[in-house]
Amino acid sequence: MEDKHLSEQEAIRREALNELRALGIDPYPAGSFPVNTTTTEILENFNPKKENFSDVSLAGRIMTRRIMGNASFAEIQDEKGRIQIYVRRDDICTGEDKTMYNTVFKKLLDIGDIIGVRGFVFVTKMGETSIHVKELVLLSKSLRPLPVVKEKEGKVYDSFSDPDQRYRQRYLDLIVNPHVKEVFIKRTGIINSIRGFLDAREYLEVETPVLQPLYGGAAAKPFTTYHNKLDTRLYLRIANELYLKRLIVGGFEGVYEFSKDFRNEGMSRFHNPEFTMVELYVAYRDYIWMMDLVEEMLEKVAVDVQGTTEVRVDDKVISFKRPWKRYTMYEVIEEYTGFEISQMDEQQLFSVAGDLGVEVDKTMGKGKIIDEIFGKKCEPYLVQPTFITDYPLEMSPLARKHRSKPGLVERFELIVNGKELCNAFSELNDPLDQRERFIQQLKLGERGDEEAMVLDEDFLKALEFGMPPTAGLGIGIDRLVMIMTNSASIQEVIFFPQMRPLKKEKEDDNAQFTALGIPEEWVDVIRKMGYTTVESFKNNKPGKLHNELCGYNKKNKLGLQNPSPEEVKKWLEN
RNA sequence: GAAUCAGUAGCUCAGCUGGUAGAGCACAUCCCUUUUAAGGAUGGGGUCCUGAGUUCGAUCCUCAGCUGAUUCACCA
């Protein structure tokens with residue numbers, strides 16, 4: 001059935017595949033093809049005087065081809081980069097039989113095929129380091145044409161740039177857009193850097209459940225799923241906080257986890273339904289201490305992946321060099337709006353919001369209004385790494401109350417480039433206070449807040465056994481990677497971002513058509529006329545169809561024997 | 001969820017005031033013994049996103065839908 005929809009180019013490649021087989025060449029050979037160098041290694045280290053790289057073995061994908069009479073140039077691309085290869089007829093065909101060059105290389109290979117070559121490195125007259133090929137092996141035949149992106153003097157032609165196609169077919173994006181690969185290499189570098197930092201301090205990397213009977217640790221809507229054997233609903237985690245704290249209760253003094261979290265919310269260039277966080281919990285520490293750790297860790301990350309503390313984002317330079325600015329929530333609001341709100345009650349805050357043109361409504365409590373003012377009037381302007389500390393209690397049900405400021409909690413967020421990057425607090429370890437906070441959340445939930453947390457009795461039980469004072473931290477890895485790689489959207493830093501499913505066109509197979517008595521050769525025609533289902537086909541008057549069929553046959557000079565009107569009528573009746 | 005823009009060949013894009021479509025690359029055939037987004041000649045390739053409407057006639061105008069992008073909103 002697939003074969004019916006092949007483009008001309010695809011058909012030609014399949015034909016080439018058959019011809020290769022006929023020549024006794026396996027287009028998908030078994031066995032390894034050991035490589036002894038890489039493209040960049042050659043380009044960086046080849047020295048004609050030293051005559052090094054005199055026997056290289058290299059494999060990769062054919063990206064360009066320029067065929068002459070009996071000598072050709074092509075470029076092959078491996079994981080590291082591209083290099084030109086020079087293929088001469090009499091080198092790869094040492095005997096009388098020139099099939100390998102004339103037929104196989106020139107006609108049956110295509111851009112996109114994966115080949116292995118052996119030969120020596122030299123410099124062409126044009127001054128380009130190339131491989132003079134002595135032996136060439138097809139390793140994998142490509143059946144679909146690759147988007148061909150060309151480049152000259154830094155200028156890119158015919159770039160493969162449609163985001164939809166790039167994300168849906170990321171492998172193509174990776175093949176033809178080399179800078180994309182860089183982003184993901186950096187992503188792994190960032191994660192490794194963080195892991196190295198935390199391991200050096202002997203915190204234990206752990207794993208906690210993705211499938212949870214109760215979700216918690218964040219304010220978000222979950223995905224739900226179902227376990228058949230247990231006959232119970234499960235949730236995909238929105239955070240791993242409550243499990244990591246149970247481990248602190250259990251006696252570990254420093255645990256962390258890189259976790260995929262899932263939130264059933266809107267998608268945007270800053271939100272993907274599944275995203276990666278690293279969460280860290282350290283016993284006998286508080287949020288002040290945690291701020292220092294974050295500074296040190298992210299400075300190290302910047303240096304590890306960039307070689308410098310300066311990161312260029314759009315037209316700005318962001319410096320991760322310590323120390324960073326620290327404001328309390330009230331201070332930063334005063335700095336950016338001129339209003340000193342620390343002593344204000346809900347009514348006063350409401351009018352301040354009005355003066356500032358910040359939209360608020362009656363349902364919002366004090367904490368929510370403050371958060372709204374901060375989000376609109378301060379956060380977007382905080383480009384350099386800045387810590388904001390001491391948040392309103394209402395918004396932080398898992399953070400401990402501030403040791404000296406009533407109504408606040410010991411919490412900080414790190415803002416970089418106008419976006420929240422980390423969230424941390426001195427963890428609430430008073431089980432009775434925690435129960436009270438959960439109850440408050442339940443009330444919010446009853447009022448219709450879909451993101452309110454649920455009461456986790458099992459977690460409370462753990463706290464009741466006693467949890468040491470603990471500092472906790474969460475960092476959004478995707479957003480960190482966005483900053484470190486100057487990426488405009490989260491989709492650029494996730495290999496396979498969530499995409500709306502493509503609408504599948506319903507299609508019946510040939511057997512369903514032939515069952516009506518339609519001859520095989522006409523099924524094709526019917527399909528091409530746009531009737532892909534039996535239903536859509538039968539939903540016509542016989543006269544009209546008969547007309548259309550004959551017309552199509554004539555117009556496209558198919559030379560088929562036209563069916564009679566009676567036959568068509570019969571098809572529809574079957 | 002809202003506004004704006006877009007959807008035409010495998011890829012990147014043109015297409016005037018409505019008259020059934022073009023270019024470059026890719027592909028095919030041929031020419032050329034080291035080219036540089038190779039060059040030259042010839043050729044094949046299209047459900048102009050889908051569906052209605054207006055019209056003698058729609059890729060183009062109108063409406064609805066689908067998909068995407070951007071900005072905003074929502075969202076730790």
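Analyst: Let us start with a list of residues in this predicted model: Met-63, Thr-64, Arg-82, Ile-111, Leu-146, Pro-147, Val-148, Val-149 and Val-176 line the largest cavity.

User: What is the volume of the largest cavity, and which classes of residue make up its lining?

Analyst: Rolling a probe the size of a water molecule over the atoms shows where empty space is left. Here the largest cavity has a volume of about 30 Å³, and its lining has seven nonpolar residues, one polar and one charged. With a threshold of 30 Å³ or more, the count comes to one cavity.

User: How much space lies in the second largest pocket, and which residues are the closest to its centre?

Analyst: The second largest pocket holds about 640 Å³ of space, and of the 27 residues that line this pocket, Gln-77, Arg-82, Glu-151, Val-176 and Pro-178 are the closest to its centre. Elements that give two or more residues to this lining include strand E1 (56-67), strand E2 (71-77) and helix H6 (170-176), while H7 gives the most, with five residues. By class, the lining of the second largest pocket divides into nine nonpolar, six polar and twelve charged residues.

User: Turning to the backbone, is the peptide bond from Arg-322 to Pro-323 cis or trans, and is phi of Asp-231 positive or negative?

Analyst: Most residues other than glycine have a negative phi, and most peptide bonds are trans. In this model the bond from Arg-322 to Pro-323 is cis, with omega near -10°, and Pro-323 has its place in the loop between strand E15 (316-319) and strand E16 (325-328). Asp-231 has a positive phi, near 50°, and is found in the loop between strand E10 (224-227) and strand E11 (232-236).

User: At what angle do the axes of helix H13 and helix H14 cross, and which residues make the contact?

Analyst: The axes of H13 (residues 431-446) and H14 (residues 457-464) come within 9 Å and cross at roughly 160°. Angles over 145 degrees count as roughly antiparallel, and therefore H13 and H14 are roughly antiparallel to each other. Their crossing is right-handed. On the H13 side the contact is made by Pro-431, Gln-434, Arg-435 and Phe-438, and on the H14 side by Glu-457, Phe-459, Leu-460, Leu-463 and Glu-464; by class, the contact has five nonpolar residues, one polar and three charged.

Terms used
Residues numbered from 1 in each chain as written. Chains lettered and ligands numbered in written order. Predicted model: local features only at pLDDT ≥ 70, side-chain atom pairs only at ≥ 80, totals over all residues. Heavy atoms only, no water. Axes fitted to C-alpha atoms, helices over the stretch in contact; angles between N-to-C directions. Helix = DSSP H or I, 4+ residues; strand = E, 2+ residues; numbered from the N terminus. Parallel < 35°, antiparallel > 145°, perpendicular 65-115°, else oblique. Left-handed = near helix turned anticlockwise from the far one by under 90°. Contact = heavy atoms within 4.5 Å. Nonpolar A, V, L, I, M, F, W, Y, C, P; charged D, E, K, R; others polar. 1 Å grid on protein atoms, 1.4 Å probe; cavity = no way out; pocket = protein on both sides within 12 Å on 5 of 7 lines; lining within 4 Å. Points joined across faces, edges and corners; volume = space filled by probe spheres on them.
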